[in-house]
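Biologist: Please take a close look at the sheet in this chain. In what order do its strands lie, and is the pairing parallel or antiparallel?

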Amino acid sequence: MNFIQQIHAAASLNNSLLCVGLDPEPAKFPGAWKGDAGRIFDFCSGIVDATKDLVIAFKPQIAYFAAHRAEDQLERLMAHIKRVAPHVPVILDAKRGDIGSTAEQYAREAFERYQADAVTLSPFMGLDSIEPYLRYPDKGAILLCRTSNTGGNDWQMQRLADVPGQPRLFEHLAALAQTAWNKNGQLGLVVGATFPGEIARVRELAPTLPLLIPGVGAQGGDAEATVKAGWREGAPIIVSSSRAVLYASSGDDFAAAARRVAMQTRDMLNAAR
Ligand SMILES: O=C(O)c1cc(=O)[nH]c(=O)n1[C@@H]1O[C@H](COP(=O)(O)O)[C@@H](O)[C@H]1O
């Protein structure tokens with residue numbers, strides 16, 4: 001199964017649009033684990049085990065592991081997810097973007113070392129910086145398009161004077177990702193839940209692509225508006241929440257609390273379809 005098929009299968013098996021983001025911060029760990037970077041695997045696997053029947057995907061953010069020299073724990077976590085939840089695709093959030101020869105190494109890291117099913121990428125350096133990932137035709141490559149942060153305005157909302165119709169940068173990218181750049185049909189786009197109007201615009205320009213939508217939960221994005229703007233039958237959205245799920249409780253009941261919040265969020269997203 002390729003990444004797009006995995007997403008469709010997990011969405012229907014778990015009846016979910018919710019992705020749980022795995023952004024482990026030892027300072028926020030419960031009880032005796034607090035401050036202990038050696039517990040990153042234990043914390044994240046606890047979250048995975050508690051939510052694996054509720055999600056369309058998991059999304060570990062690599063910086064939260066690398067900052068603590070915990071790449072070995074990320075490798076173990078990826079293997080753990082494959083073992084306990086083989087039906088749930090894993091998106092490695094790495095936001096890579098570099099020249100082709102270096103991108104080849106990043107693609108190996110994501111797809112061979114970590115066995116990710118998809119990776120997030122910055123398209124700022126253009127198509128040749130994306131192509132090495134496209135050589136893994138079963139894997140997903142999810143391009144930053146209209147990000148959830150306010151600083152996204154600095155570039156993504158600028159108009160391109162030399163392109164017919166003078167689209168904004170994010171609009172131009174969405175159209176390219178749907179067409180010329182999508183050589184093997186494996187591209188997706190990142191659009192922030194904090195900008196539902198732009199989610200709708202991206203959905204117009206990229207009617208079939210999977211959209212990874214972070215920004216519900218801690219960043220305050222509107223879950224209902226997100227679904228209305230982005231979800232269409234056959235065109236999946238992957239709505240990601242990290243802190244609101246991971247740190248629903250700072251006590252030893254963290255996994256049960258994460259499950260409760262994940263279930264509420266999943267149900268809220270489903271009710272808006
Ligand atoms: O690519 C991402 O996942 C991403 C894109 C974006 O535009 N905004 C954004 O917040 N993210 C990531 O999504 C997660 C959001 O975490 P919470 O705000 O805690 O749900 C973090 O891992 C971010 O790095």
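Modeller: In this predicted model, eight strands make up an open sheet, ordered E2-E1-E8-E7-E6-E5-E4-E3, and their pairing is parallel. The edge positions are taken by strand E2 (57-60) and strand E3 (91-96); each has a single partner strand, so one side of each is left without a neighbour in the sheet. From one strand to the next, the twist averages 30°.

Helix H8 (residues 169-178) touches strand E5 (140-146) and strand E6 (187-191), and its direction makes about 155° with that of E5. Helix H10 (residues 223-230) touches strand E7 (211-214) and strand E8 (237-241), with its direction at about 160° to that of E8.

In general, nonpolar side chains of soluble globular proteins tend to be buried together. Here the largest nonpolar core has 83 residues, and Ala57, Leu143, Leu189, Ile238 and Val239 are those with the most contacts inside it.

As for the chain as a whole, 48% of its 273 residues count as buried.

Methods
Residues are numbered from 1 along each chain as its sequence is written. This is a predicted model: local features need pLDDT of at least 70, side-chain atom pairs count only at pLDDT 80 or more; totals for chains, interfaces and linings use all residues. A residue is buried if 20 or more other C-beta atoms lie within 10 Å of its own, exposed if 12 or fewer, and partly exposed in between; C-beta atoms are placed from the backbone. A nonpolar core is a set of buried Ala, Val, Leu, Ile, Met, Phe, Trp, Tyr and Cys residues joined through C-beta atoms within 7 Å. Two strands pair if DSSP finds at least two bridges between them. Helices (H or I, at least four residues) and strands (E, at least two) are DSSP runs, numbered from the N terminus. Axes are lines fitted to C-alpha atoms, for helices over the stretch in contact, and angles run from 0 to 180 degrees between N-to-C directions. Two residues are in contact if their C-beta atoms, placed from the backbone, lie within 7 Å.
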